[in-house]
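This report goes through selected local features of one protein chain. The sequence and the structure come first, and the notes follow.

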Amino acid sequence: MSQDRAVSHEPEFRPHRVVVLALDGLLPFELGIPHRIFGRPKDAQGRHLYEVITCSVRPPGPVETDADFAVHVAHGPEALATADTVIVPASYELGPVFEQGVLTEELAAAFTRIRPGTRLASICTGVYVLAAAGFLDGRPATTHWADAAHFRQVFPQVDLDPDVLFIDDGDVLTSAGVAAGIDLCLHIVRRDHGTAVANEVARRTVVPPHRDGGQAQYIERPVPDPQTATTTAARAWALGRLHEPIQLRDMAAQEAMSVRTFTRRFREEVGISPGQWLTQQRVERARHLLESTGLSVDQVARDAGFGTAQSMRQHLQTALGVTPTAYRRTFRISRDSAPPRTDTRDGGSKDGGSLLARHTTERTTQHMTSHMRQR
């Protein structure tokens, strides 16, 4: 009788593959964003959660940038067929894609290699490529505010929102210009593996885990009086006491402004109202506590400033589309838990964590889209 070997039913670990499509005229800064953000996250065993590779629409070789140097890309379009996520950074040489909204033959052929169900994302004018390929018809999207009017002319079938930093529409995500690509990639990490992992990546990248407001704060306006007060001190004051009741008049008092003046100035600087901003900060605080502590839901609600578990439940449902308990079950990171896993080709890990995360994401797509567009 032969001796049977123990067979493990746990799927083989495989990092989530991110393929970045490098096009002629690309911006080197934006090309590097996915590599920087997705190259950092690791699981409890020190394994990279993502694998990032760069490909071209042509065979391996040089790709021109908008700078005085080219980059050598080691992979051709066949790499797109292996992607779990495809990211298209901006390019200043999109030709007919930018001018007429149609793909070049090279791009069209490259996109036929992308497997159904692959997540797609764009940074800045990379959205033109996704729109020309038909992935954004009837869907929300964003791009750099300076290109909004032109984009609407070329792609009237796309629901463009130029006031936000990024939009998550489930399997297709788009971001505003340049540094908004960092916001988008951090959001994807947060969506895949939770706030704690995304915050660690942000700390190592020396950027905020998420930025307040939208693009409105970056559009050129008349230069304000240098003596004009800001609302920075009030925001810092509020962040230090999120667990306490905070009234609008209390925040205004920190800047010695009337409530009316403070509210107007706050919207100009942050892009949303003080009340919306406070709710966002409390939601982020609750997410962090649910992931990183064993506090009861009632205690998390109090520490995050929601007062009651019911109030927090309502706010998390509105913002994320899930209950506090479901969120914790999906993203809780503890020393005695199994190491986090990325999606595998057969649909998840042994304990179902990846499957649950994916199902949670699918259920919350519409809620997340609405939430991000308001941001």
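Asp169 sits in the loop that runs between strand S9 (166-168) and strand S10 (172-175). This is a predicted model, and the values below are computed from it. With a relative accessible area of 10%, Asp169 is buried. Its side chain makes a polar contact of 2.7 Å with the side chain of Arg139.

Ser56 counts as buried because its relative accessibility is 3%, under the 20% cut-off. The Ser56 side chain reaches the backbone nitrogen of Arg58 at 3.1 Å. Once neighbours within four places in sequence are set aside, Ser56 is in contact with Leu21, Ala22, Val63, Val73, His75, Gly76 and Pro77.

## Aromatic pairs

How many aromatic pairs does the count come to? The count is eight aromatic pairs. One of them joins Phe111 and Phe135, a tilted pair at 5.9 Å centre to centre with 40 degrees between the planes. Phe111 belongs to helix H3 (residues 105-111), while Phe135 lies in the loop between helix H4 (127-132) and strand S7 (140-141), so the pair ties together parts that are 24 residues apart in sequence. Phe111 is buried at a relative accessible area of 8%, whereas Phe135 is partly exposed at 29% relative accessibility.

Another tilted pair is formed by Phe151 and Phe155: the ring centres are 4.9 Å apart and the planes are at 45 degrees. The angle explains the label, because planes under 30 degrees apart count as stacked and those over 60 as edge-to-face. Phe151 is buried, with a relative accessible area of 0%, and Phe155 is buried too, at 2% relative accessibility. Phe151 and Phe155 belong to a cluster in which ring pairs also link Phe98 and Tyr128.

| Residue | Relative accessible area | Class |
|---|---|---|
| Phe111 | 8% | buried |
| Phe135 | 29% | partly exposed |
| Phe151 | 0% | buried |
| Phe155 | 2% | buried |

Helix H13 (residues 309-320) contains twelve residues, and the distance from its first C-alpha to its last is 16 Å, close to the 16 Å expected at 1.5 Å a residue. Ala309, Ser311, Met312, Leu316, Ala319 and Leu320 are the buried residues of H13. Viewed down the axis of H13, these buried residues fall within an arc of 155 degrees, so they line one face of the helix.

Helix H14 (residues 324-331) is largely enclosed by the rest of the structure, because six of its eight residues are buried. The buried residues in H14 are Pro324, Ala326, Tyr327, Arg328, Thr330 and Phe331.

Most residues other than glycine have a negative phi. Which values of phi do Val178 and Val206 take? Val178 has a positive phi near 50 degrees, and Val206 has a positive phi of about 60 degrees.

Val178 is located in the loop between S10 and helix H6 (180-193). At a relative accessible area of 33%, Val178 is partly exposed. Val206 is located in the loop between helix H7 (195-205) and helix H8 (232-239). Val206 is exposed, with a relative accessible area of 72%, which puts Val206 over the 50% cut-off.

## Model confidence

For the protein chain, pLDDT averages 83, and 80% of the residues score at least 70.

Technical notes
Residues are numbered from 1 along each chain as its sequence is written. Side-chain values use heavy atoms; hydrogens and water are left out. Buried means under 20% relative accessible area, exposed over 50%, partly exposed in between (1.4 Å probe, protein chains only). A polar contact is a pair of N or O atoms within 3.5 Å; within protein, one must be able to donate a hydrogen and the other to accept it, and residues adjacent in sequence count only if both atoms are side-chain atoms. Contact means heavy atoms within 4.5 Å. pLDDT is the predictor's confidence in each residue, from 0 to 100. Helices (H or I, at least four residues) and strands (E, at least two) are DSSP runs, numbered from the N terminus. The expected span of a helix is 1.5 Å times one less than its number of residues. The arc is that of the directions from the helix axis to the C-beta atoms. Rings of Phe, Tyr and Trp (its six-membered ring) pair if their centres lie within 6.5 Å; planes under 30 degrees apart count as stacked, over 60 as edge-to-face and the rest as tilted.
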